[in-house]
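Work through the exercises below with the model open beside you. Try each task before reading its solution.

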Amino acid sequence: MTGPVPPLLPSPDSPGVARDLVLTPVGEPPTLRADAARNRTRLLEAASRLMAECGAGRLTMEAVATEAGVGKGTVFRRFGDRTGLLVALLDHREQQLQAAFLTGPAPLGPEAPPLERLHAFGPALIRHERDHSELILASRTDPLRTYAVPANRLRLTHVTMLLREAGVTGDSDLLAHTLLGSVDSVLVHHLVVERGMPLDRLDAGWHDLVTRLAPAR
């Protein structure tokens, strides 16, 4: 997630835009050399240990360098800044969610009908955001950067594709943004932690939105 991001998706209604979307798993293009990949993994493992011990709020580039036994410059060269480190650490954990909806079993994976996958995606995302809320919130120092993160673009592409395949009418790109906004990390944190709302209620809200969008049968 610290590498170049894919281009913004065009509107599904733009001339010449294909109806089918091809999903590309998030990685760090171009592929890192073996030694660079090992060093990156070593730094992320050090960051994970520190976060487990002291939380995301006290995770610094200097602390990660010390924990990994490298110079501070090495950490900055690999991740750019603290936010880049947090985003990369989150990407390390995001891969399990991506594997589940890209290649996993039904109802989240590709063997299920699109509407069934769409219903399953919301609760899975809600729990992912809840479980990693501290890390997600700490990485959001720039609100606009959130939309440029490849993992979020992949989610948008996935939901847009499912809406189209399910036969939902309207601007599927904007509808996908609306659906994902309903389970945004900050909102989930506010509703669960500040409002004491149970996850089942958030799940029900997602299912209600999807049902309202689904074409009449």
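**Exercise 1. Overall make-up**

Task: State how many helices and strands the chain has, and how much of the chain is buried.

Solution: 
- The model is predicted.
- The secondary structure amounts to 11 helices and 0 strands.
- Along the sequence the pattern reads α-α-α-α-α-α-α-α-α-α-α.
- The chain has 217 residues, and 43% of them count as buried.
- Take the contacts with a separation of 6 or more: 70% join residues 24 or more positions apart.

**Exercise 2. H5 against H11**

Task: Describe how helix H5 packs on helix H11, and decide how the two are oriented.

Solution: 
- Two packed helices are described by an angle and a distance, both taken between their axes.
- H5 spans residues 114-131 and H11 spans residues 199-213.
- Their axes lie 9 Å apart, at an angle of about 150°.
- Angles over 145 degrees count as roughly antiparallel, so H5 is roughly antiparallel to H11.
- The crossing of H5 and H11 is right-handed.
- From H5, the contact includes Leu-115, Leu-118, Phe-121 and Ile-126. From H11, the contact includes Leu-202, Trp-206 and Val-210.
- By class, the contact of H5 with H11 has 9 nonpolar, 4 polar and 4 charged residues.

**Exercise 3. H2 against H3**

Task: Find the angle between H2 and H3, then classify the pair.

Solution: 
- H2 covers residues 61-68 and H3 covers residues 72-79.
- The angle is about 115°, with the axes 8 Å apart.
- The range for roughly perpendicular is 65 to 115 degrees, so H2 is roughly perpendicular to H3.
- H2 and H3 make a right-handed crossing.
- Met-61, Glu-62, Val-64 and Ala-65 of H2 meet Lys-72, Val-75, Phe-76 and Phe-79 of H3.
- The contact of H2 with H3 has 6 nonpolar, no polar and 2 charged residues.

**Exercise 4. H1 against H4**

Solution: 
- On the H1 side are Arg-40, Leu-44, Ala-47, Ser-48 and Met-51.
- On the H4 side are Leu-85, Ala-88, Leu-89, Asp-91, His-92 and Arg-93.
- The contact of H1 with H4 divides into 6 nonpolar, 2 polar and 3 charged residues.

**Exercise 5. Two local checks**

Task: Is Glu-116 buried, partly exposed or exposed, and what kind of peptide bond joins Ala-106 and Pro-107?

Solution: 
- Glu-116 sits in helix H5.
- Its relative accessibility is 40%, so Glu-116 counts as partly exposed.
- The C-alpha atoms of Glu-116 and Ala-166 are 9.2 Å apart, although 50 residues separate the two along the chain.
- Most peptide bonds are trans. The bond joining Ala-106 and Pro-107 is cis, with omega about 5°.
- Pro-107 belongs to the loop between H4 and H5.

Note on methods: Residues are numbered from 1 along each chain as its sequence is written. This is a predicted model: local features need pLDDT of at least 70, side-chain atom pairs count only at pLDDT 80 or more; totals for chains, interfaces and linings use all residues. Side-chain values use heavy atoms; hydrogens and water are left out. Axes are lines fitted to C-alpha atoms, for helices over the stretch in contact, and angles run from 0 to 180 degrees between N-to-C directions. Helices (H or I, at least four residues) and strands (E, at least two) are DSSP runs, numbered from the N terminus. Angles under 35 degrees count as roughly parallel, over 145 as roughly antiparallel, 65 to 115 as roughly perpendicular and the rest as oblique. A crossing is left-handed if the near helix is turned anticlockwise from the far one by less than a right angle, and right-handed if clockwise. Contact means heavy atoms within 4.5 Å. Ala, Val, Leu, Ile, Met, Phe, Trp, Tyr, Cys and Pro count as nonpolar, Asp, Glu, Lys and Arg as charged, and the others, Gly among them, as polar. Buried means under 20% relative accessible area, exposed over 50%, partly exposed in between (1.4 Å probe, protein chains only).
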